[in-house]
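Let's take a friendly walk through this structure, one region at a time. Have a look at the sequence and the 3D view first.

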Amino acid sequence: MDTNCPIHRFVEATNEGNTEAFLGTFTDDAVLIDWGRKFRGRQQIAQWNESDNIGVQSRLRIVSIAPAKGACRVRIAVTGNGFNGEGDMTFKLDGDLISSLVIA
């Protein structure tokens, strides 16, 4: 995967515990939906990041990636002090930023 790809940067920032870089992968008005919980904009995504991602020392590994109707569906393996296991993340991109992320 291209290291400049926002999905790759999202994974790397999470694994490095770099909140600033993590938030920098999203557009200002991005939407993140985590099993029905909706977070809009970087401020709310920062709250999700603290409670469900970097804040619980998540580490991500891409298992697979595939195009999905104008988006990318990424199978992610997660370890850390929160959710552990595999799940699907569907990313919509706006240039080199993430405009939408749905976790299911």
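## A strand residue to start with

With 16% relative accessibility, Ser-100 counts as buried; that word means under 20% relative accessible area, while exposed means over 50% and partly exposed is in between (1.4 Å probe, protein chains only). You'll find Ser-100 in strand β6, residues 97-103. Helices (H or I, at least four residues) and strands (E, at least two) are DSSP runs, numbered from the N terminus. Setting aside neighbours within four places in sequence, Ser-100 is in contact with Val-31, Thr-90, Phe-91 and Lys-92, where contact means heavy atoms within 4.5 Å.

Some housekeeping before we move on: this is a predicted model, in which local features need pLDDT of at least 70 and side-chain atom pairs count only at pLDDT 80 or more, while totals for chains, interfaces and linings use all residues. Residues are numbered from 1 along each chain as its sequence is written, and side-chain values use heavy atoms, with hydrogens and water left out.

## The nonpolar core

Which residues have the most contacts inside the largest nonpolar core? They are Phe-10, Phe-22, Phe-26, Leu-32, Ile-45, Phe-91 and Leu-101, in a core of 23 residues. Each of α1 (6-16), α2 (19-23), β1 (26-34), α3 (41-52), β4 (72-79), β5 (85-94) and β6 supplies at least two residues of this core, and α1 gives the most, with 4 residues. A nonpolar core here is a set of buried Ala, Val, Leu, Ile, Met, Phe, Trp, Tyr and Cys residues joined through side-chain atoms within 4.5 Å.

Take Phe-26 as an example. Leaving out neighbours within four places in sequence, Phe-26 is in contact with Phe-10, Leu-32, Arg-42, Ile-45, Leu-97, Ile-98 and Leu-101.

## Helix α1 and what follows

The buried residues of α1 are Pro-6, Ile-7, His-8, Phe-10, Val-11, Ala-13 and Thr-14. Their cover includes α2, β1, β3 (59-67), β4, β5 and β6. Just after α1, Gly-17 takes a positive phi of about 70°.

Next comes Asn-18, in the loop between α1 and α2. Is Asn-18 buried or partly exposed? Its relative accessibility is 29%, so Asn-18 counts as partly exposed. A polar atom of the Asn-18 side chain lies 3.3 Å from the backbone nitrogen of Glu-20. Apart from neighbours within four places in sequence, Asn-18 is in contact with Ala-13 and Ile-54. Asn-18 and Ile-54 are 36 residues apart in sequence, yet their C-alpha atoms are 7.7 Å apart in space.

## Salt bridges

How many salt bridges does a search of the whole structure find? It finds 5, counting a side-chain nitrogen of Lys or Arg within 4 Å of a carboxyl oxygen of Asp or Glu. Here are some of them:

| Side chains | Distance, N to O |
|---|---|
| Asp-34 and Arg-37 | 2.9 Å |
| Asp-52 and Arg-37 | 2.9 Å |
| Arg-75 and Asp-88 | 3.3 Å |

As for accessibility, Asp-34 counts as buried because its value is 8%. Arg-37, at 38%, counts as partly exposed, and so does Asp-52, at 27%.

Arg-75 has 28% relative accessibility and counts as partly exposed; Asp-88 counts as partly exposed at 25%. Through shared partners, salt bridges join Asp-34, Arg-37 and Asp-52 into one network.

## The largest pocket

Asp-34 turns up again in our last stop. The largest pocket holds about 280 Å³ of space. Of the 19 residues that line this pocket, the closest to its centre are Asp-34, Val-78, Phe-83, Met-89 and Ile-103. α3, β4 and β5 each supply at least two residues of the lining, and the largest share, 4 residues, comes from β5.

For the terms: on a 1 Å grid over the protein atoms alone, a pocket is an open set of points where a 1.4 Å probe fits, with protein on both sides within 12 Å along at least five of seven lines, and lining residues have an atom within 4 Å of a point. Grid points are joined across faces, edges and corners, and the volume is the space filled by probe spheres set on the points.

Technical notes
Polar contact = N/O pair within 3.5 Å; in protein donor to acceptor, adjacent residues only side chain to side chain.
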